[in-house]
Amino acid sequence: MDDGVSRRRFIGYLLAGPTLIAAANLSGPRRADAAVPTVQPVDEYDLSDLLTDAAMPTSNLITVVVNNDGTVSFALPRAEVGQGITTAVAMTIADEMELPIGKVKVTLADARPELLFNQFTGGSNTMHAIYTPVRTAAAIARAGLTRAAVAHLGGRASGYTVHDGVITGPDGRSVRFSDLARRAAVAKTTEVSVALKRRSAQTIVGRPQGRVDARDIVTGHKQFAMDLSVPGALPTMVCRPPTINGGAEKILNGAKVRAMPGITDVALIPHTPYVAGGVAVRAQTFGQCIDAIRALRVSWGPGSVDTKTEASVLADLKAAELPMPPAVPLTNAIDETFTFYQRPGDPLEPNCAVADVRSDRAEIWSCLKSPIWAREQIALNLGLPLQNVIVHVAQGGGSFGRHLFCDAAFEAAVISKRLGKPVKLMWSRTDSFRQGRSHPMVTSRVRAQHLAGNVVAFDQRHTSVATDFTQGLGELLTATAAVPPDANYLEYSAAIFLLTASVPYNFGVATQLLNEVYEYSTFNTSSVRNIYSPEMRTAGELIVDKLAETFDTDPYQFRRQFIRDDRVRAVLDKAASAGQWGRAMQPGTAQGIAIHREYKSAAACVVEIDCTPATVNRTVTDGFTGPRVTRVTFAVDAGLPINPLGIEAQMLGGINDGIAQALTFSLHLQDGHWLEGSWDNAYYTRQWNTPPDVDVIVMPTTTGTPGGIGEFGVAATMAATACAYWRATGTFPTQFPINHDQALGFTPYPTVPPLPQSPTDGLKYAQ
Amino acid sequence: MPSKEPTVPRHSFIVNGKRVQVQCEGDVRLLWVLRDILGITGPKYGCGLRVCRACTCHINGKEFNPCSVPVSQIKPDDEITTIEGLAATVGKGLHPMQQAWIDHDVAQCGYCQPGQIMTAAALVRRKQAAGQTVTDADLEQIRNICRCGTYFRIREAIVAGETAMRGELTHTG
């Protein structure tokens, strides 16, 4: 009889407690038998494997708790930043337990040091890593409830069914989870083995599911760190230096500023490797913090890039480019170098944290993707025993790599200690752009050598301003021996690069190497969504288009012919057919096509771009227009698509990022600081540039294992947009975003004071 | 301690149907009065410059950005509606635009969405009052930033919300 349950069994635990608590080892439950071997794709060891395997040495547990009201609680040891993991986990638990999804309550776990590296959110790895552990715990909970139902109602266990949180016996009598939660509790922790549902029996996994926090979001009730009400934690901001990484030396008018309305504290916070610092002000309202910051007179030390210009950085990158191997005899070569300017990494929620630091203890609230590491560092920094520091993981208003870093949490802790008072720290938007982390400037040289209709060598030399991997991820790499513990930072970056870079085509001998310039802290950088891949793929796919032109082959057919991987070929075919590749296009408009493979997922993207003067020259007040991507068709194979609706959402986000990065979104360096200070300066995609026609196709299950999706939409879209731009304009783009060298479309804000005053004429625009 | 202003002015107005009294300097922007003094945190800070529109609320039914309005400019009979009070304006658990947002699974991180919904609801109300429907050109004038890139679903939800609001208009005038 097919009871919908797989023969494969996994080991987990029933934990002693007042109600039923089922647990599984987060690092991957042991298999109880090997009767049916798992079919895994034979793959190169990539970043998803690294992040999953990093958890293997731990022996700690995630728990599914059945409550007396029939709900189930799960504290997710990851950060939700909009990528939808709380929804996907709730779906997984609900499906395995036969419970309505509304009865599954997923919260974010506080920092749990015993989990070691298993509380790290990054590399689009969450569902890949926790899917089976979560299912195992949920299946144990269901089995425990069923056993309790049998004891309660009698009869043979095989005649019992579970549906919608109700267990029904062979005689038709039934009992609810709520009535079993206490009956199913165990007095002694016990190891058990359990079988998971077969894929064909799953009714929630794989079906579109709206976000579990949708109602809280649309009613304004979802709470982010700054929305938390912590007693005494008054609004706090920092007056920042005029140049990147400058330090405050002296407050020149502290008494005057302290006397301003609402101000409770003014204090110099030194610049250190982990704290940006400046002059902290604490007040009754953030508005009064802004007033105080604007009134402050501070003497500032030098910044870290005061003497650099974009031209000098570019020259340094060029000088640091690693050499290409000798040319293959008799071949022809295509050889191009692409420049990608620094671009912002800001989510919409600015850096923020609440900190309550006392002489003997500390409590921190912030969106942290590496909370265990954050907690250790905060304890060290404050000189407190680890157990006296509590770190709560707050819901994040976007991340895009920012929350791999603990900038706000560290700074809030230092300020709270210095003032001896709780603080609610917020970075201003202008701080966030000018002093916050951004994606480093990079050049990518690609040389493709071809002979007689084949590509025989493909070499890519990526040269980047150093990317900061020192927080969380760097420590994870060391622990897994991907890099030696005494590695310098280039070795971290190179390890990440090698784990993510790939040439998805049969192009003969392929080499891809990274070199970096400067220290990790010269510029304030982070990996930003999809790390190296958007630039790698954009440079690579433009060269693929050049090869197709050289071979006199259609770009789609060329890719189809040289693709290494059947999954990528399948999404390429899907995107090409759904996106009507090759349809007649008006002059000044064109299609572009590109692929990407990473995180155990595969993607292809077809875009249509409009570069006609009528479109390029549209005017929007205080906004940039330029070429417009009018249509995007994106096919994605996520291995096992747990929530197709959520995957589509992540691709929609990646699409808008890719368009922005190809066309409009960058930072300009001048006099030691970035000129951009608001969203009207840094041109992330807005409604007037977003494609009105988008079709995301989520492919059916292929590998049966969830691949990464959170960052995955960016690279293929950016590359396809660049390729479309070439085909529409006839101008081969070699620097991105393509508008970077145009005249600035805004007047930069001054750097002293470091943030503009809020307007007062808002009512004039009420409509 | 340095001496502070001896008398701090009081302000009274209506927020989400309830009269509120606050005491603070008159130049404090309404966003901070809502968030820091009244504890109404649906309106979000994203720039403080009337650029990102994450704080969008309604004043007497019109959309505006409280980050750019000193509290002294709010008159005693002004009615401020934040995302928390939007549903009550139609006498339901959810405003049709909120329901459309759920139906289209618009939100990702959710940080900008209260502002997006308030902008959308005002846009539709404005167009309906003029006897018009929302056009692509109207959608493209929306300035609210969504850094998660949910724009496509926002457009779909506004169109759906507009249809649903057509029924509501007769009730709310």
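Me: Which strands does helix α4 (residues 113-129) of chain B lie across, and how is its direction known?

Reply: Helix α4 of chain B lies across β3 (57-59) and β4 of chain B, and runs at about 145 degrees to β4(B). Angles run from 0 to 180 degrees between N-to-C directions, and axes are lines fitted to C-alpha atoms, for helices over the stretch in contact. Contact between two residues requires C-beta atoms, placed from the backbone, within 7 Å. Helices (H or I, at least four residues) and strands (E, at least two) are DSSP runs numbered from the N terminus.

The model is predicted: local features need pLDDT of at least 70, side-chain atom pairs count only at pLDDT 80 or more, and totals for chains, interfaces and linings use all residues. Residues are numbered from 1 along each chain as its sequence is written, with chains lettered from A and ligands numbered from 1 in the order in which they are written.

Me: What makes β1 (residues 10-15) and β5 (residues 79-81) of chain B a pair?

Reply: Strands pair if DSSP finds at least two bridges between them. Here 2 bridges join β1 to β5 of chain B, and the two run parallel, so they pair. Ile14(B) has Glu79(B) in β5(B) as its bridge partner.

Me: Why are β2 (18-23) and β4 (62-64) of chain B said to stand at the edges?

Reply: The open sheet has 5 strands in the order β2-β1-β5-β3-β4 (chain B), with mixed pairing. β2 and β4 of chain B each have a single partner strand, so one side of each is left without a neighbour in the sheet. From one strand to the next, the twist averages 40 degrees.

Me: Why is chain A called as compact as a globular protein of its length?

Reply: Chain A has 19 helices and 31 strands. Its radius of gyration (over C-alpha atoms) is set against the globule rule, 2.2 Å times the number of residues to the power 0.38. The radius is 27 Å, close to the 27 Å that the rule gives for 767 residues, so chain A is as compact as a globular protein of that length.

Me: What makes α10 (residues 407-419) of chain A mostly covered?

Reply: A residue is buried if 20 or more other C-beta atoms lie within 10 Å of its own, exposed if 12 or fewer, and partly exposed in between, with C-beta atoms placed from the backbone. In α10(A), 12 of 13 residues are buried, including Phe410(A) and Leu419(A).
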